[in-house]
Structure formats: C-alpha cells, structure tokens
Amino acid sequence: MHLLKLLFFILASFIYNVYSRSNTSVIPIIKDEQTSLHKVPFGLEVLEPNQGPYLIIDLDTPYAWKDIPITNSPVPCGEEEGCRHPVPCDNDLCKEAKSYINPICPTPNKTDCTMCIVTPLNPVSKACVVSNLTTDLLRPYWTNGRNPINSFPGSPFGTRFLLSTAPKSLDQSFPKDVRGVAGFSWSALCIPRQFASTGVTNAAKFALCLPSSSSALGVTFVGEGPFYFKTNPNVDLRSYLSYTPMVRKSSKSLGYYIKMNRILIKGKPVNSVPKGGSVKMSTIVTYTTLRSDIYKALVASFSNATAGIPQVPAVKPFGLCFKDGAFGSGSVPKIDLEMESGKIWSVSVENSIKRVGNGAACLAFVDGGSKVTDPILIGTFQMENNFLYFDLVNQKLGFSSSLLSRGTSCSSFNFNVVAN
C-alpha cells in the first residue's frame, strides 16, 4: 500500500464533517531578531505573539523533530495527557524515516524492534544525534483564506503527527525559544504531506510568506487556498504567481531546486551564470550565496550599473557597499532572475540592498567560495515579502516577486480567529 495511504490509516484522527469544507491550514511565522531565522509555533497553532516555544522552518529536514521525551510510564496514558510512545521498527513509516539518514550522522546501533531509531539533524550547527520516532498531537488551524477558523482538525486534543524526539542538547545554536525543527521538504514525512494524508488539507502544497521584521507575523498556508490578505481583500494571492518547474536531484533528494536561465542587472545578462543552472532554496541561509565566479560577475555588473554612486569599505559578509542615502529614487539597479520557464522573478531594492549601519548599505549577496555544493543558494533575505507557493503535487514553484510593489506584505494576513 502506498506510504501516504498508510499515513492516513495510521495517523488520521476523526475529522468532523462540520469542518470538511475547509481544506487549507494556516500557521503564523515569526522572524527571530537575533539570528534572522524564521520559526513557527511548537504545536503549529495560532498563538498570541511571544508565546513560544517554536520550531525552525527548514526546507531540507525530512521530518519534524522536537526536544520532547519518550514516555516510559508503567501507567497507561495517551497523547492527550502528554504521553508519547515509540513507533516500532517494523512499521512502514519507520522504514521511510530511516531512508533519510544523513551520511554525516552516526550509524544507529541495532536495538529490539519496539522502537524506530532515527537521526534528527540540526540544520544550523549540523549536529546530529540518535533518537526515536514517535507521534505527537499538533493543533494546526484551518483557514477560510482570510482568517484562522476557531477549530482545528482531529480530536479535541489535536491531530496525531509523526516526528522524532531529540535531546535538548540538539537545540544548541538555535534561538533560546526554539526547541526543534519543522520539516517542509520533499519527504513523504514532511508537514505538508502528513497534513494531506491525514485529512487536515486536501493537497501536498504549501505557501511561504516570510516577514522581514520580528515585530510582525508572516504566514505559511498548507493546502490549495484561496489566500487573501487584509490589505487587498478581494485579490487571491495565487493571481500574483508566475510558475517554474521544481527539480529533484534524486528520489531521496529533500531540498527544493529550480533552474535559472540568467541573472539580469538593468536588463543586461551577468556573465558566468550557467544557463539552466541549478538554484536551491534555503530558509537557514540568510543571504543568497553564490559560487565565487558568479558572485564576482554579479558584483562587477552591479558596480558598473551604479557608477557615480559613492562606495564605502565593504562590511562583512558583503563584498560591495555604498554610502547609505546615496541612492536616489529609482537609482538602485533592477535585478531580475529569469527562470527556466522564462518567467521573471524580480528582486526588489528591499531584497537586494541591506542597510548595515554606520552609513553603509550593501549588496545583499554573499561569496560562498569556489567549492560550494550549490552554485546559487537563495536565502531568506531575498525571499522575505515574496509569496512563494510550493506545489509538491505538480512539482512547480509559484513566485510573486515582492509584494511591497503591490501595496501589501507578508505581514498582512488577518490572524484574528473567527468562528467556523
């Protein structure tokens, strides 16, 4: 039986018919002020601000993990009482989870078959531990596209969800209120696929809209939509999207790749950008990171396009900086990314120039060196206030370019909860 059908029968809770007309879940996104990492609530629910703990959003993690314990109690108890029990090793879900063991992780020792041994990875520190697969209750809220609905699918306690436990030591290098990772990868065990298989949503699709400020919420939707922001209440954000194919490097590849034809600055192609080159998306890296030859060509083209604008000494990690305030209206060169589909992802000034203080404003791209695994790695600074729709079913990425040019932003969803 197909894995996703197994997920449905094993994990699905009773879904009340009264809520069946909702097929999309909504989760708030918070930007951490110190690290610029983006995080979601621990139970994926809609919370008041500053009510952590949280999980880091990662596009490469195969399954979610939390620093929660396995229950070893002589008294029977259920998940609604905070108890969590190991998944046995002969379960098909365990076999799927084990297929994603990262080669940098330790090799698990053989144990009895009462538990499924997995190796959760910290995507920031790259630390990895041996731990157990379990299930937990999460409380995602449905949405009508405009507001969260005052209910969540499943039992009154939440929806059963497969994830890994982890020790608190694996949280090192995370913000202090983060206690795990929310996996939004290609994996059959990622959050969007589990939501689809358990009836929380009707399709393995999700939208990311990362906020640029720690003082305002961004949003992720899981499902097909529609999606509305309060600033443009009559416009479904899907109407803003252009699409390009997403690529998998192998059947077990977890990250999201697209192909790019070229980078243009003021309409002129940047040299050294290979046509059809692979581009990876990352929610862990802050600034788009380029292989050295591509980076040097980008800097040279941008410098030529900004001749006459005073430069100042570069501020790490950047290699090209200008006198802040020297850019007049419309004087920042336009950067366009031409996708494999021929569609243009325009990088706005808010996504291309970073003000770093002390009178400097820098081109917000980073030199990754000559031996990077991915020649072009798009970071969160370039993704903020862009509506990105990951369609895992049809293997395509929808992108809006900057929402600011349309009079809205990723902080414009109305998180006031309404009755169903």
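Glu 384 and Lys 31 form a salt bridge, in which the closest N and O atoms are 2.9 Å apart; the term stands for a side-chain nitrogen of Lys or Arg within 4 Å of a carboxyl oxygen of Asp or Glu. The pair links distant parts of the chain, since Glu 384 lies in the loop between α6 (380-383) and β25 (386-391), while Lys 31 belongs to strand β1 (residues 25-31), 353 residues away. Helices (H or I, at least four residues) and strands (E, at least two) are DSSP runs, numbered from the N terminus. Glu 384 is buried, with a relative accessible area of 4%, and Lys 31 is buried as well, with 13%. Here buried means under 20% relative accessible area, exposed means over 50%, and partly exposed lies in between, with a 1.4 Å probe and protein chains only.

The structure is a predicted model, in which local features need pLDDT of at least 70 and side-chain atom pairs count only at pLDDT 80 or more, whereas totals for chains, interfaces and linings use all residues. Residues are numbered from 1 along each chain as its sequence is written, and side-chain values use heavy atoms, with hydrogens and water left out.

## Other salt bridges

Side chains of opposite charge can pair when their charged atoms come close. By the rule given above, the count comes to 16 salt bridges. One of them joins Asp 32 and Lys 39, with the closest N and O atoms 3.4 Å apart. Asp 32 is buried at a relative accessible area of 10%, and Lys 39 also counts as buried, at 4%.

A further salt bridge brings together the side chains of Asp 391 and Lys 205, at 3.7 Å from N to O. Asp 391 lies in strand β25 and Lys 205 in strand β10 (residues 205-209), so this pair ties together parts of the chain that are 186 residues apart in sequence. Asp 391 counts as buried at 2% relative accessibility, and Lys 205 is buried with a relative accessible area of 10%. Salt bridges that share partners also join Asp 32, Lys 39 and Asp 177 into one network.

Where do the side chains of β25 point? Asn 386, Leu 388 and Phe 390 point one way, while Phe 387, Tyr 389 and Asp 391 point the other way, and all are buried. Because six of the six residues of β25 are buried, the strand is largely enclosed by the rest of the structure.

Strands of a sheet pair through backbone hydrogen bonds, either parallel or antiparallel. In this report two strands count as paired if DSSP finds at least two bridges between them. Strands β10 and β25 run antiparallel and are joined by four bridges, and the bridge partner of Lys 205 in β25 is Asp 391. Five bridges join β25 to strand β26 (residues 396-402), and these two strands also run antiparallel. Across this pairing, Leu 388 stands opposite Phe 399 in β26. The hairpin of β25 and β26 has four residues between the strands, and Gln 395 takes a positive phi near 50° there.

An open sheet of four strands has the order β17-β18-β22-β21, with antiparallel pairing. Strands β17 (311-312) and β21 (353-357) stand at the edges, each with a single partner strand, so one side of each is left without a neighbour in the sheet. Two bridges join β17 to strand β18 (residues 321-323), and the two run antiparallel; in this pairing, Gln 311 stands opposite Phe 322 in β18.

Helix α4 (residues 292-305) packs on the sheet, touching β17, β18, β21 and β22 (360-363), and its direction makes about 125° with that of β22. Contact means heavy atoms within 4.5 Å, and for such angles the axes are lines fitted to C-alpha atoms, for helices over the stretch in contact, with angles running from 0 to 180 degrees between N-to-C directions.

Lys 98 is found in helix α2 (residues 92-98) and counts as partly exposed, at 32% relative accessibility. Leaving aside neighbours within four places in sequence, Lys 98 is in contact with Cys 116 and Ile 117. The C-alpha atoms of Lys 98 and Ile 117 are separated by 7.7 Å, and the two residues are 19 residues apart along the chain.

Pro 233 has its place in the loop between β11 (218-222) and β12 (242-245), and Pro 233 is partly exposed, with a relative accessible area of 37%. Not counting residues up to four places away in sequence, Pro 233 touches Arg 146 and Tyr 228.
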